[in-house]
Amino acid sequence: LLFFSLPKNRKKGKQKMKNIEEKILISEELFTEAIEKMDIQENETILDLYCGVGSIALQAAKRGANVIGIEIQKEAIQRAKENAKLNGMTNTRFFAEKAEERPDEILKKYNPKGVFVDPPRAGLDEKLIHALTESKVEKVVYVSCDPVTLIRDLSRFQESGWGIGEVVPYQYRLRLHRIPLSLDIFPYYLIYSIQKLYSLIFLIP
């Protein structure tokens, strides 16, 4: 069991923090599946891009990995550090920076065996995908919340010779005017205002 401290929902930057808070609302099942797909070995280095408050990073650290978390939101990184301390994790490091700005340097510096990516709906920057596919990374686990950008990004991975290991759809319920809504169709672009659908992708070179 892991404990999490969420960013305060301030008026300024409220929309920016929304994605971070939503990540915590997704069932623990998704994060557990992501960790299983990474097949983490003790003491290996794992990179978690768009790590938010450390939801996936701490799960990986719990399995014995040395985890580097990167997230653009400074407050989220502060919370991730607090969450690591709250859970007694000493094998994590978190940094506030934009993953797309210097992906080659980041990958070369930490030389991770595996990488988690959990980007916003805009998906992954082409520069980041290129850096991943040209690095020594053996495995990428991609958590997506937008099938349109997901398909685009998967095409870019495939063009670089990477294959798709597995696609696992997930859903969680949102409440609209106190009415729980749940649909089993994946993907279905027209229901995004009331239902978010997440998909877990396992990529191998």
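Me: What makes the contact between Glu44 and Lys113 a salt bridge?
Reply: In this predicted model, the side chains of Glu44 and Lys113 meet at 3.3 Å, N to O, and because a salt bridge is defined as a side-chain nitrogen of Lys or Arg within 4 Å of a carboxyl oxygen of Asp or Glu, the pair qualifies. The pair links distant parts of the chain, 69 residues apart, with Glu44 in the loop between helix 2 and strand 1 (45-49) and Lys113 in the loop between helix 5 (103-110) and strand 4 (114-117); helices (H or I, at least four residues) and strands (E, at least two) are DSSP runs, numbered from the N terminus.

Me: Why is Glu44 called buried?
Reply: Buried means under 20% relative accessible area, exposed over 50%, and partly exposed in between (1.4 Å probe, protein chains only), so Glu44, at 11%, counts as buried, whereas Lys113, at 35%, counts as partly exposed.

Me: How do you know that Lys37 and Glu33 are separated by about one helical turn?
Reply: Both lie in helix 2 (residues 28-38), where they are 4 residues apart, and their side chains meet in a salt bridge at 3.3 Å, N to O. Lys37, at 19% relative accessibility, counts as buried, while Glu33, at 22%, counts as partly exposed.

Me: Which values apply to the salt bridge between Asp153 and Arg152?
Reply: Their closest N and O atoms are 2.9 Å apart; Asp153 is buried, at 0%, and Arg152, at 31%, is partly exposed.

Me: What limits apply to these values?
Reply: Local features need pLDDT of at least 70, and side-chain atom pairs count only at pLDDT 80 or more, whereas totals for chains, interfaces and linings use all residues. Side-chain values use heavy atoms, with hydrogens and water left out, and residues are numbered from 1 along each chain as its sequence is written.
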